[in-house]
Amino acid sequence: MGEIEVRELLPSEYKEWNLLVEKAQPGTLFHTSDWLEICRDALSKDFKIYGCFRKGELVGGCPLFIKDIKGMLKVATSTCNMTSYSGPLMKESASSKASKQAQETHEILNSLREFLCRQGFDSIHLTFSPGFEDIRPFTWNGWNSAVRYTHYLNLKENADNNLSMERRLELKSADEAGLKTRISNDPETYYRLLSSAYEKRNLKPPLPGGFYERVFNLIKAKDIGYMFVSETPEDEAVAAHLNLYGKKCAVIWTSALNPDFGHLGSNALLYYNEFLDLKSRNFEYMNVMAANVPTFVDFIMGFSPKLIPYYNVTLESKKYSIAKTLYKTLHKETY
(Lines give C-alpha, C1' and ligand atoms only; values in the text may rest on other atoms or scores of the structure.)
Protein backbone atom coordinates (compact mmCIF):
# COMPACT_ATOMS: atom_id res chain seq x y z
CA MET A 1 0.00 0.00 0.00
CA GLY A 2 2.98 2.28 0.38
CA GLU A 3 5.00 3.41 3.37
CA ILE A 4 3.52 6.12 5.61
CA GLU A 5 5.66 9.22 6.21
CA VAL A 6 4.86 11.28 9.31
CA ARG A 7 6.07 14.85 9.81
CA GLU A 8 5.03 18.19 11.25
CA LEU A 9 2.88 20.23 8.89
CA LEU A 10 3.94 23.68 7.81
CA PRO A 11 1.41 26.53 8.27
CA SER A 12 1.17 26.64 4.47
CA GLU A 13 -0.22 23.08 4.61
CA TYR A 14 -2.98 23.86 7.11
CA LYS A 15 -5.50 24.41 4.31
CA GLU A 16 -4.88 20.85 3.12
CA TRP A 17 -5.25 19.62 6.72
CA ASN A 18 -8.59 21.42 7.12
CA LEU A 19 -9.87 19.76 3.94
CA LEU A 20 -8.99 16.38 5.44
CA VAL A 21 -10.81 17.30 8.66
CA GLU A 22 -13.87 18.25 6.64
CA LYS A 23 -13.95 14.93 4.79
CA ALA A 24 -12.96 12.56 7.62
CA GLN A 25 -15.96 11.31 9.59
CA PRO A 26 -14.37 11.75 13.05
CA GLY A 27 -13.07 15.19 12.07
CA THR A 28 -14.44 18.06 14.17
CA LEU A 29 -14.07 21.81 14.42
CA PHE A 30 -11.65 21.11 17.27
CA HIS A 31 -9.25 19.54 14.76
CA THR A 32 -9.08 22.57 12.49
CA SER A 33 -6.18 25.00 12.38
CA ASP A 34 -8.63 27.86 13.02
CA TRP A 35 -9.61 26.36 16.38
CA LEU A 36 -6.06 25.42 17.31
CA GLU A 37 -4.87 28.96 16.59
CA ILE A 38 -7.55 30.40 18.89
CA CYS A 39 -6.34 28.12 21.69
CA ARG A 40 -2.74 29.07 20.98
CA ASP A 41 -3.37 32.81 21.03
CA ALA A 42 -5.98 33.09 23.80
CA LEU A 43 -4.68 30.35 26.10
CA SER A 44 -0.94 30.49 25.34
CA LYS A 45 -0.95 26.91 24.06
CA ASP A 46 1.75 25.92 21.60
CA PHE A 47 0.52 23.38 19.05
CA LYS A 48 1.76 21.25 16.20
CA ILE A 49 -0.13 19.28 13.57
CA TYR A 50 1.53 16.02 12.58
CA GLY A 51 0.50 14.77 9.15
CA CYS A 52 0.64 11.23 7.77
CA PHE A 53 1.46 10.99 4.07
CA ARG A 54 1.23 8.11 1.62
CA LYS A 55 2.97 8.78 -1.70
CA GLY A 56 2.77 12.51 -1.02
CA GLU A 57 -0.96 12.49 -0.17
CA LEU A 58 -2.10 13.61 3.29
CA VAL A 59 -4.10 10.62 4.57
CA GLY A 60 -4.17 11.23 8.32
CA GLY A 61 -2.66 13.01 11.25
CA CYS A 62 -3.09 14.43 14.71
CA PRO A 63 -2.93 17.91 16.29
CA LEU A 64 -1.16 18.19 19.64
CA PHE A 65 -0.70 20.89 22.24
CA ILE A 66 2.90 20.87 23.47
CA LYS A 67 3.98 22.01 26.95
CA ASP A 68 7.40 22.21 28.54
CA ILE A 69 7.20 21.87 32.33
CA LYS A 70 10.06 23.80 33.93
CA GLY A 71 12.50 22.50 31.36
CA MET A 72 12.24 19.03 32.85
CA LEU A 73 9.21 17.41 31.25
CA LYS A 74 7.85 17.60 27.72
CA VAL A 75 4.12 16.89 27.54
CA ALA A 76 1.84 16.47 24.52
CA THR A 77 -1.95 16.28 24.59
CA SER A 78 -4.65 16.51 21.94
CA THR A 79 -7.01 18.42 24.25
CA CYS A 80 -7.02 21.60 26.31
CA ASN A 81 -9.58 23.75 28.13
CA MET A 82 -12.90 23.76 26.25
CA THR A 83 -11.56 21.26 23.70
CA SER A 84 -12.93 17.93 24.88
CA TYR A 85 -11.63 15.80 22.04
CA SER A 86 -9.61 15.97 18.89
CA GLY A 87 -6.92 13.34 18.44
CA PRO A 88 -5.99 11.26 15.40
CA LEU A 89 -8.06 11.14 12.26
CA MET A 90 -7.59 9.77 8.77
CA LYS A 91 -8.96 9.75 5.27
CA GLU A 92 -12.01 7.56 4.73
CA SER A 93 -11.15 4.19 3.21
CA ALA A 94 -12.22 3.61 -0.38
CA SER A 95 -12.73 -0.08 0.39
CA SER A 96 -16.00 -1.60 1.58
CA LYS A 97 -14.17 -4.55 3.14
CA ALA A 98 -13.77 -4.41 6.92
CA SER A 99 -10.40 -6.17 6.74
CA LYS A 100 -9.05 -3.62 4.27
CA GLN A 101 -10.36 -0.71 6.33
CA ALA A 102 -8.72 -2.09 9.49
CA GLN A 103 -5.43 -2.61 7.64
CA GLU A 104 -5.37 1.00 6.43
CA THR A 105 -6.29 2.31 9.88
CA HIS A 106 -3.57 0.30 11.57
CA GLU A 107 -0.90 1.31 9.05
CA ILE A 108 -1.59 5.00 9.62
CA LEU A 109 -1.98 4.78 13.40
CA ASN A 110 1.08 2.59 13.86
CA SER A 111 3.20 5.01 11.84
CA LEU A 112 1.82 7.94 13.85
CA ARG A 113 2.40 6.13 17.15
CA GLU A 114 5.99 5.24 16.28
CA PHE A 115 6.69 8.81 15.19
CA LEU A 116 5.28 10.31 18.40
CA CYS A 117 7.34 7.91 20.50
CA ARG A 118 10.49 9.27 18.83
CA GLN A 119 9.76 12.91 19.68
CA GLY A 120 11.03 12.74 23.25
CA PHE A 121 7.69 13.37 24.96
CA ASP A 122 7.49 12.34 28.62
CA SER A 123 3.71 12.09 28.38
CA ILE A 124 1.41 11.71 25.37
CA HIS A 125 -2.35 11.86 25.85
CA LEU A 126 -4.71 11.44 22.89
CA THR A 127 -8.48 11.77 23.11
CA PHE A 128 -10.33 10.43 20.07
CA SER A 129 -13.55 11.92 18.76
CA PRO A 130 -16.78 9.96 19.14
CA GLY A 131 -17.06 7.55 16.24
CA PHE A 132 -13.37 6.65 16.19
CA GLU A 133 -13.53 3.12 17.55
CA ASP A 134 -10.31 1.26 16.69
CA ILE A 135 -7.55 2.29 19.09
CA ARG A 136 -5.82 -1.10 19.13
CA PRO A 137 -2.58 0.10 17.47
CA PHE A 138 -1.99 1.97 20.73
CA THR A 139 -3.34 -0.50 23.32
CA TRP A 140 -1.51 -3.41 21.67
CA ASN A 141 1.72 -1.52 22.14
CA GLY A 142 1.59 -0.72 25.84
CA TRP A 143 -0.47 2.47 25.92
CA ASN A 144 -3.06 2.80 28.68
CA SER A 145 -6.63 3.45 27.58
CA ALA A 146 -9.82 4.79 29.14
CA VAL A 147 -13.38 5.29 28.01
CA ARG A 148 -15.34 8.54 28.28
CA TYR A 149 -18.92 9.31 27.34
CA THR A 150 -21.13 11.85 25.66
CA HIS A 151 -24.87 11.97 24.98
CA TYR A 152 -26.67 12.13 21.65
CA LEU A 153 -30.26 13.26 21.18
CA ASN A 154 -31.78 11.70 18.06
CA LEU A 155 -33.41 14.52 16.11
CA LYS A 156 -35.46 12.08 14.05
CA GLU A 157 -37.46 11.18 17.12
CA ASN A 158 -40.38 13.06 18.67
CA ALA A 159 -39.06 15.28 21.45
CA ASP A 160 -42.33 15.22 23.39
CA ASN A 161 -42.34 11.43 23.56
CA ASN A 162 -38.94 11.37 25.25
CA LEU A 163 -39.47 13.93 28.01
CA SER A 164 -39.47 12.91 31.65
CA MET A 165 -42.14 14.27 33.98
CA GLU A 166 -39.58 16.57 35.61
CA ARG A 167 -38.59 18.12 32.27
CA ARG A 168 -42.27 18.55 31.37
CA LEU A 169 -42.86 20.44 34.61
CA GLU A 170 -39.85 22.66 33.92
CA LEU A 171 -41.15 23.48 30.45
CA LYS A 172 -44.51 24.33 31.98
CA SER A 173 -42.79 26.66 34.47
CA ALA A 174 -40.90 28.35 31.64
CA ASP A 175 -44.12 28.87 29.72
CA GLU A 176 -45.92 30.29 32.75
CA ALA A 177 -43.01 32.67 33.40
CA GLY A 178 -43.21 33.89 29.82
CA LEU A 179 -39.69 32.78 28.95
CA LYS A 180 -38.76 32.73 25.28
CA THR A 181 -35.81 31.64 23.18
CA ARG A 182 -34.02 33.17 20.25
CA ILE A 183 -30.75 33.07 18.33
CA SER A 184 -28.15 35.61 19.42
CA ASN A 185 -24.51 36.07 18.52
CA ASP A 186 -23.44 38.51 21.20
CA PRO A 187 -20.32 37.29 23.06
CA GLU A 188 -20.84 39.88 25.81
CA THR A 189 -24.22 38.35 26.69
CA TYR A 190 -22.69 34.92 27.00
CA TYR A 191 -19.69 36.02 29.03
CA ARG A 192 -21.86 38.12 31.34
CA LEU A 193 -24.00 35.08 32.13
CA LEU A 194 -20.94 32.90 32.59
CA SER A 195 -19.23 35.41 34.88
CA SER A 196 -22.39 35.85 36.95
CA ALA A 197 -22.70 32.10 37.50
CA TYR A 198 -19.08 31.83 38.67
CA GLU A 199 -19.28 34.94 40.85
CA LYS A 200 -22.11 33.41 42.85
CA ARG A 201 -19.67 30.62 43.74
CA ASN A 202 -16.86 33.11 44.43
CA LEU A 203 -14.94 31.84 41.41
CA LYS A 204 -13.49 33.37 38.28
CA PRO A 205 -14.55 32.13 34.82
CA PRO A 206 -12.27 29.29 33.66
CA LEU A 207 -11.18 31.12 30.51
CA PRO A 208 -10.68 34.78 29.54
CA GLY A 209 -13.37 36.65 27.67
CA GLY A 210 -11.05 37.03 24.69
CA PHE A 211 -11.21 33.30 24.07
CA TYR A 212 -14.99 33.31 23.67
CA GLU A 213 -14.87 36.47 21.57
CA ARG A 214 -12.49 34.72 19.15
CA VAL A 215 -14.82 31.71 19.00
CA PHE A 216 -17.82 33.92 18.25
CA ASN A 217 -15.86 35.66 15.49
CA LEU A 218 -14.94 32.28 13.99
CA ILE A 219 -18.57 31.13 14.13
CA LYS A 220 -19.68 34.28 12.33
CA ALA A 221 -16.93 34.16 9.71
CA LYS A 222 -17.38 30.45 8.88
CA ASP A 223 -21.14 30.13 9.64
CA ILE A 224 -20.46 27.12 11.84
CA GLY A 225 -22.84 27.60 14.74
CA TYR A 226 -24.94 29.97 16.80
CA MET A 227 -25.86 30.93 20.35
CA PHE A 228 -29.34 30.16 21.63
CA VAL A 229 -30.60 32.18 24.61
CA SER A 230 -33.52 32.04 27.00
CA GLU A 231 -34.97 35.44 27.89
CA THR A 232 -37.52 36.87 30.27
CA PRO A 233 -40.49 38.87 28.94
CA GLU A 234 -38.34 41.94 29.68
CA ASP A 235 -35.67 40.64 27.22
CA GLU A 236 -33.17 39.75 29.94
CA ALA A 237 -31.01 36.80 28.91
CA VAL A 238 -31.00 34.18 31.68
CA ALA A 239 -29.45 31.14 29.96
CA ALA A 240 -27.40 30.51 26.84
CA HIS A 241 -26.02 27.59 24.82
CA LEU A 242 -23.27 27.93 22.26
CA ASN A 243 -23.77 25.42 19.44
CA LEU A 244 -21.14 24.29 16.94
CA TYR A 245 -22.07 22.53 13.71
CA GLY A 246 -20.67 19.09 12.94
CA LYS A 247 -21.14 16.91 9.88
CA LYS A 248 -24.50 15.48 10.88
CA CYS A 249 -24.86 17.01 14.29
CA ALA A 250 -24.74 20.13 16.36
CA VAL A 251 -22.47 20.08 19.40
CA ILE A 252 -23.87 21.86 22.45
CA TRP A 253 -20.38 23.01 23.26
CA THR A 254 -20.87 25.21 26.30
CA SER A 255 -23.63 26.77 28.35
CA ALA A 256 -24.12 29.57 30.86
CA LEU A 257 -27.04 29.92 33.27
CA ASN A 258 -28.14 32.55 35.73
CA PRO A 259 -28.90 30.34 38.76
CA ASP A 260 -31.54 32.78 39.98
CA PHE A 261 -33.73 31.67 37.08
CA GLY A 262 -32.90 27.96 37.08
CA HIS A 263 -36.14 27.07 38.85
CA LEU A 264 -38.11 28.54 35.95
CA GLY A 265 -36.93 25.88 33.51
CA SER A 266 -34.81 28.19 31.34
CA ASN A 267 -32.25 25.47 30.58
CA ALA A 268 -34.88 22.84 29.76
CA LEU A 269 -36.57 25.34 27.43
CA LEU A 270 -33.28 25.90 25.61
CA TYR A 271 -32.73 22.20 24.99
CA TYR A 272 -36.30 21.61 23.89
CA ASN A 273 -36.41 24.50 21.42
CA GLU A 274 -32.89 23.75 20.17
CA PHE A 275 -34.06 20.23 19.43
CA LEU A 276 -36.93 21.54 17.32
CA ASP A 277 -34.77 24.16 15.60
CA LEU A 278 -31.96 21.76 14.67
CA LYS A 279 -34.47 19.15 13.54
CA SER A 280 -35.95 21.70 11.14
CA ARG A 281 -32.44 22.23 9.71
CA ASN A 282 -32.11 18.49 8.97
CA PHE A 283 -29.39 17.72 11.49
CA GLU A 284 -29.53 14.10 12.62
CA TYR A 285 -28.55 14.42 16.26
CA MET A 286 -27.44 16.77 19.04
CA ASN A 287 -24.20 16.01 20.86
CA VAL A 288 -24.89 17.42 24.33
CA MET A 289 -21.53 16.35 25.78
CA ALA A 290 -20.82 16.44 29.55
CA ALA A 291 -21.94 12.83 30.11
CA ASN A 292 -19.01 12.51 32.50
CA VAL A 293 -20.47 15.02 35.00
CA PRO A 294 -22.96 13.29 37.34
CA THR A 295 -25.05 16.39 38.10
CA PHE A 296 -25.52 17.14 34.42
CA VAL A 297 -26.29 13.51 33.60
CA ASP A 298 -29.27 13.63 35.97
CA PHE A 299 -30.65 16.59 34.05
CA ILE A 300 -30.05 15.44 30.48
CA MET A 301 -31.47 11.97 31.12
CA GLY A 302 -34.85 13.72 31.22
CA PHE A 303 -34.56 14.01 27.41
CA SER A 304 -33.85 10.27 26.88
CA PRO A 305 -30.42 10.58 25.22
CA LYS A 306 -28.28 7.78 23.85
CA LEU A 307 -25.01 7.16 25.67
CA ILE A 308 -22.01 7.28 23.28
CA PRO A 309 -18.49 6.18 24.25
CA TYR A 310 -15.25 7.72 23.08
CA TYR A 311 -11.71 6.82 24.02
CA ASN A 312 -8.36 8.14 25.11
CA VAL A 313 -4.90 6.61 25.22
CA THR A 314 -1.89 7.62 27.29
CA LEU A 315 1.81 6.81 27.30
CA GLU A 316 4.04 8.07 30.13
CA SER A 317 7.77 7.82 30.72
CA LYS A 318 9.08 6.55 34.06
CA LYS A 319 10.32 10.07 34.81
CA TYR A 320 6.87 11.52 34.25
CA SER A 321 5.17 8.83 36.35
CA ILE A 322 7.55 9.48 39.25
CA ALA A 323 7.04 13.25 38.99
CA LYS A 324 3.25 12.81 38.90
CA THR A 325 3.28 10.55 41.96
CA LEU A 326 5.49 13.01 43.84
CA TYR A 327 3.23 15.94 42.92
CA LYS A 328 0.12 14.10 44.13
CA THR A 329 1.85 13.21 47.40
CA LEU A 330 2.94 16.79 48.06
CA HIS A 331 -0.45 18.12 47.02
CA LYS A 332 -2.22 15.88 49.54
CA GLU A 333 0.06 17.07 52.31
CA THR A 334 -1.06 20.66 51.82
CA TYR A 335 -4.56 19.79 53.05
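Which element gives the largest share of the lining of the largest cavity? That share, 3 residues, comes from α8, where helices (H or I, at least four residues) and strands (E, at least two) are DSSP runs numbered from the N terminus. The structure is a predicted model, in which local features need pLDDT of at least 70 and side-chain atom pairs count only at pLDDT 80 or more, while totals for chains, interfaces and linings use all residues. Residues are numbered from 1 along each chain as its sequence is written, and side-chain values use heavy atoms, with hydrogens and water left out.

The search of the whole structure finds 1 cavity of 30 Å³ or more, and about 90 Å³ of space lies in the largest cavity. On a 1 Å grid over the protein atoms alone, a cavity is a set of points where a 1.4 Å probe fits but cannot get out, whereas a pocket is an open set with protein on both sides within 12 Å along at least five of seven lines; lining residues have an atom within 4 Å of a point. Grid points are joined across faces, edges and corners, and a volume is the space filled by probe spheres set on the points. The lining of the largest cavity includes L153, N154, Y271, Y272 and F275, and at least two of its residues come from each of β7 and α8. By class this lining holds 7 nonpolar, 3 polar and 1 charged residues, where Ala, Val, Leu, Ile, Met, Phe, Trp, Tyr, Cys and Pro count as nonpolar, Asp, Glu, Lys and Arg as charged, and the others, Gly among them, as polar.

Turning to the open spaces, the largest pocket has a volume of about 1200 Å³. Its lining comprises 46 residues, and those nearest the centre are W253, T254, S255, A290 and V293. Among the elements that give two or more residues to this lining are β7 (144-154), α6 (187-199), β11 (249-257) and α8 (266-280), and β11 provides the largest share, 6 residues. The lining of the largest pocket divides into 26 nonpolar, 16 polar and 4 charged residues. At least three residues of that lining come from each of domain 1 (4-148 + 310-331) and domain 2 (157-283), with bounds taken from an automatic or database domain assignment.

The cysteines remain. The whole structure contains 0 disulfides, a disulfide being a pair of cysteine sulfur atoms within 2.5 Å. For C52 the nearest cysteine sulfur, that of C62, is 8.5 Å away, and C52 counts as buried at 0% relative accessibility, buried meaning under 20% relative accessible area, exposed over 50% and partly exposed in between (1.4 Å probe, protein chains only). For C80 the nearest cysteine sulfur, that of C39, is 3.7 Å away, and C80 is buried with a relative accessible area of 13%.
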